[in-house]
Amino acid sequence: MTGLAFGGNKSRKLDYILKYALDNGYTTLLTYGGVQTNHGRMTIAAASKCGLKSILMCYGDKPDEATGNLTLNRILGAEIVFMDVSKARALPPGEAQGKAYVETRIRATDAIVKKYEAQGDKVLIIPIGGHNVLGTVGYIEAVKEVMVQMQEQNIDAKYLVSGYGSTGTFAGLWLGAKYYNAPFEVIGVPVSPIYSSAEECAGFINKVSEELEMGIECMPEDLRIEEGPEGDKYAGIGYNVPDEKTREAIYTLARAEGIITDPCYTGKTFRGFLEMVKNDIIPAG
Ligand SMILES: Cc1ncc(COP(=O)(O)O)c(C=O)c1O
């Protein structure tokens, strides 16, 4: 509902990233994601809208048939590169696997950037999820809007529950809540059973705060990340793997409010929210 090829949560981040790209003479945006990345689709749409070229680097094989976001990305006119991550995928989760992913990404990026630069393009590399300082500003500022809407609609919310993926959305909301003195606590629900730690997120928050001279310091224990009970985490069994409980949560919201959530991010976050209310982790009423 935020424009940009069916919208999503990245338009607020892209607002600031695109302004930077246009002000600094970039002709091409390059970003990363899974084959069905929402962030990739929105970045490509934003590039098209601003007259820029776009490159999407996908972690994964080219599927036999293009579906979903991949079809939209083709329509929007992006160059799509499928990175061969089979070696990294074969390793157990951990440091070596992380390193293998990074090496694949750097090699593939260097090759395509060289190709574009040789034809006179200037390529802006945007991290996965738009996870940088500029992108985070979008969610710091979102808090201001939420507070105005709460006042206008007389809403007394004590919690704001957000999906926790590449973490910039949560980080921005947390910083915004502190900066603007919001009446609510921000809770992050990881959308993957393996996720960025509170230490990593606090480090990122401090970096943003420092660069923007916000004067806010964050300790890992200041962050409220609710993953759910062991063995039954809100994220289910894997990133972007739909499960029965997420599906139930999606049906509940759709049938109560006519609002459609997705099984990768918003559905899992909403599942977490419902279970937190049910188990009195978030007091109801
Ligand atoms: C709809 C939606 N919600 C939440 C998120 C998570 O945001 P972040 O990656 O900033 O943690 C994403 C990420 O792509 C998303 O697409």
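Biologist: How many salt bridges does the structure hold?
Modeller: This is a predicted model. Side chains of opposite charge can pair when their charged atoms come close. A salt bridge needs a side-chain nitrogen of Lys or Arg within 4 Å of a carboxyl oxygen of Asp or Glu. The number of salt bridges in the structure is 14.

Biologist: Arg224 forms a salt bridge with Glu185, but how far apart in sequence are the parts that the pair ties together?
Modeller: The closest N and O atoms of Arg224 and Glu185 are 3.1 Å apart. Arg224 lies in strand β7, and Glu185 lies in strand β6, so the pair ties together parts separated in sequence by 39 residues.

Biologist: Is Glu185 buried, partly exposed or exposed?
Modeller: Buried means under 20% relative accessible area, and exposed means over 50%. Glu185 has 34% relative accessibility, so Glu185 counts as partly exposed.

Biologist: Arg224 also meets Glu226 in a salt bridge, but what is the N to O distance?
Modeller: Arg224 counts as buried, at 18% relative accessibility. Glu226 counts as buried too, at 18%. Their side chains meet in a salt bridge, with an N to O distance of 2.9 Å.

Biologist: Which helix holds Arg271, the partner of Asp243?
Modeller: The side chains of Arg271 and Asp243 form a salt bridge, 3.4 Å from N to O. Asp243 lies in the loop between β7 and α9, and the pair ties together parts 28 residues apart in sequence, because Arg271 lies in helix α10.

Key: Residues numbered from 1 in each chain as written. Predicted model: local features only at pLDDT ≥ 70, side-chain atom pairs only at ≥ 80, totals over all residues. Heavy atoms only, no water. Helix = DSSP H or I, 4+ residues; strand = E, 2+ residues; numbered from the N terminus. Buried < 20%, exposed > 50% of the residue type's maximum accessible area, 1.4 Å probe, protein only.
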